[in-house]
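Keep the sequence and the 3D view at hand as you read.

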Amino acid sequence: MTHLVEHLAMGTLPRLHHEHNAQVDLELTQFTATGRPDQIVAYLDRVCRALADLPVDRADRESGVLAAEDGCAAHPTTGALLSHRYGVQGLGLAPWNGPGPDRIPLDAVRDCAARFFHAGNAVLTLTGPPPPGLRLPLPDGERPDRGSAQPVRVAGSSWQEDAVPGPGLGLHCDLADQGVQLAMAVLQERLRTVARHQRGLSYDVSCDRALSGPGRGDRVIHLDARDGEERQVAELLWQQAVLLAAEGPSAQEVAEEVEAARELFLDPRAVEVELEFAANAELLGWTYRNVADRLDLLDKVTPEQVREAFAGAMDSALLAVPAGTRPAVRRADGTELPEGGCAGNTELPRDGRTFRAPLRDRLTGAAARRARLVLTEEGLWARMPSGVVHHIPFADVVGVEMHTPGRVVFGRDNCVIPVMPELFAGIGPALRAVDEAVPAELRYPASAFTSAD
Ligand SMILES: [Zn+2]
């Protein structure tokens, strides 16, 4: 929705020859430009006027552009880890497509613009003096309250399969803790050395972060894996993290990362990033520290502090692995790292109405013979061919995608239950029950841009 607002605003601009762009991520929507003072004044004026009076009549065309662009607000591995941590709400929405750009109600677009795109929720940063004639003609508005952090749904450590391109590790922590930050940098370097240079299993190792409230959030490290090596890379990632938490980094490793940070912060080209940091802090309610203060703090961090901070954060470690990967991973105390999500759920309720796969499928496939859909007054259960049972209480439904006929039901805890005639026979009563139990505003027609599967 935010991406559509951004596109609608940018779509009003005439052809401009100076550099300009816009982007949306989990935290901010940014409109950026480089040019002469008069060009910047004209650009900001046009963007603000468009946001104040959004041309929603163009939404049809722009939604096609969004589908073609197929952008996402976060790396898919980061998104999956956030969804495991927070459930399918707030930050946890990151990896989900939702209704698709062609099914967003225009009222919702207008409402989004009115809530967020106003003077009370905007910060302008400039790398030069304010140009003469600068105006930001945005409507007045009140900044949304961001005083409390989004609560987590999964606090302890576990691993889980998901639609991720490679393994990733997510830690819930104090984002201002320099110890965890340095530990992630050391871990990144160690993984580069082992997974890439020594064993040739990976190409890219990246760090990421997401803010869940003032100071709190998640740090993520993810890497790609050569085809067929997903399990080995996932185990390597986990083992290296456990090792770092147990033994800590060497003084040399910490010094290297502090030096790398110093180089990065003091690069004159980093001024734009610094300004973005400061704007982000102002808008999202965390405390910005300038470069000198940050370097001072980094210089004081000892290897033991890094170890301690990282070991604490590892209590919340979530490991995401590509579908079909089953890593053998143990915690520092030797206990097995449990599989999260619905693994281990195999019980179906006895009092519900049961639906089976169509007869033809049951005759030809063992998988179809195991599949069950169960409906009770409280919600839906589905037993997959693997034997795992997923459950979505109606109170926890976050969306229903409507097909003709059929419904795909999305639950807050990452379960997806397809109430589809291809999979289950005679589902009329289940469809009616879903439509009765789920509020109309959570039901949307399937996007014309995506196929039913
Ligand atoms: Zn489930």
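Between the C-alpha centres of domain 2 and domain 3 there is a distance of 39 Å. The assignment divides the protein chain into domain 1 (2–121), domain 2 (158–322) and domain 3 (353–445); such bounds come from an automatic or database domain assignment.

Before going on, a word on the model. It is predicted, so local features need pLDDT of at least 70 and side-chain atom pairs count only at pLDDT 80 or more, while totals for chains, interfaces and linings use all residues. Residues are numbered from 1 along each chain as its sequence is written, and side-chain values use heavy atoms, with hydrogens and water left out.

**A pocket between domains**

Where does the second largest pocket lie? Both domain 1 (2–121) and domain 2 (158–322) give residues to its lining, so the second largest pocket lies between them. A pocket is found on a 1 Å grid over the protein atoms alone, as an open set of points where a 1.4 Å probe fits, with protein on both sides within 12 Å along at least five of seven lines; lining residues have an atom within 4 Å of a point. The space in the second largest pocket is about 1,400 Å³, a volume filled by probe spheres set on the points, which are joined across faces, edges and corners.

Its lining has 42 residues, and Gln181, Arg209, Arg219, Phe265 and Phe277 lie nearest the centre. By type, 24 are nonpolar, eight polar and ten charged. Here Ala, Val, Leu, Ile, Met, Phe, Trp, Tyr, Cys and Pro count as nonpolar, Asp, Glu, Lys and Arg as charged, and the others, Gly among them, as polar. Helix α6 gives the most to this lining, with six residues. Helices (H or I, at least four residues) and strands (E, at least two) are DSSP runs, numbered from the N terminus.

**Buried parts**

Buried means under 20% relative accessible area, exposed over 50%, and partly exposed in between (1.4 Å probe, protein chains only). A nonpolar core is a set of buried Ala, Val, Leu, Ile, Met, Phe, Trp, Tyr and Cys residues joined through side-chain atoms within 4.5 Å. The largest one has 50 residues, and Phe310 is among those with the most contacts inside it. A second, separate core of 25 residues includes Leu8, Tyr43, Leu44 and Val56.

Leu8 is also one of the buried residues of α1. Seven of the nine residues of helix α1 (residues 2–10) are buried, so the rest of the structure largely encloses this helix.

| Residue | Relative accessible area | State |
|---|---|---|
| Threonine 77 | 1% | buried |
| Alanine 367 | 38% | partly exposed |
| Aspartate 70 | 60% | exposed |

Threonine 77 sits in helix α4 (residues 76–86). Its contacts (heavy atoms within 4.5 Å), leaving aside neighbours within four places in sequence, include Val164, Gly168 and His222.

Most residues other than glycine have a negative phi, and most peptide bonds are trans. Aspartate 70, however, has a positive phi near 50 degrees, and its place is in the loop between α3 and α4. Asparagine 414 has a positive phi too, about 75 degrees. Finally, the peptide bond from threonine 404 to proline 405 is cis, with omega near -5 degrees; proline 405 lies in the loop between β12 (397–402) and β13 (407–411).
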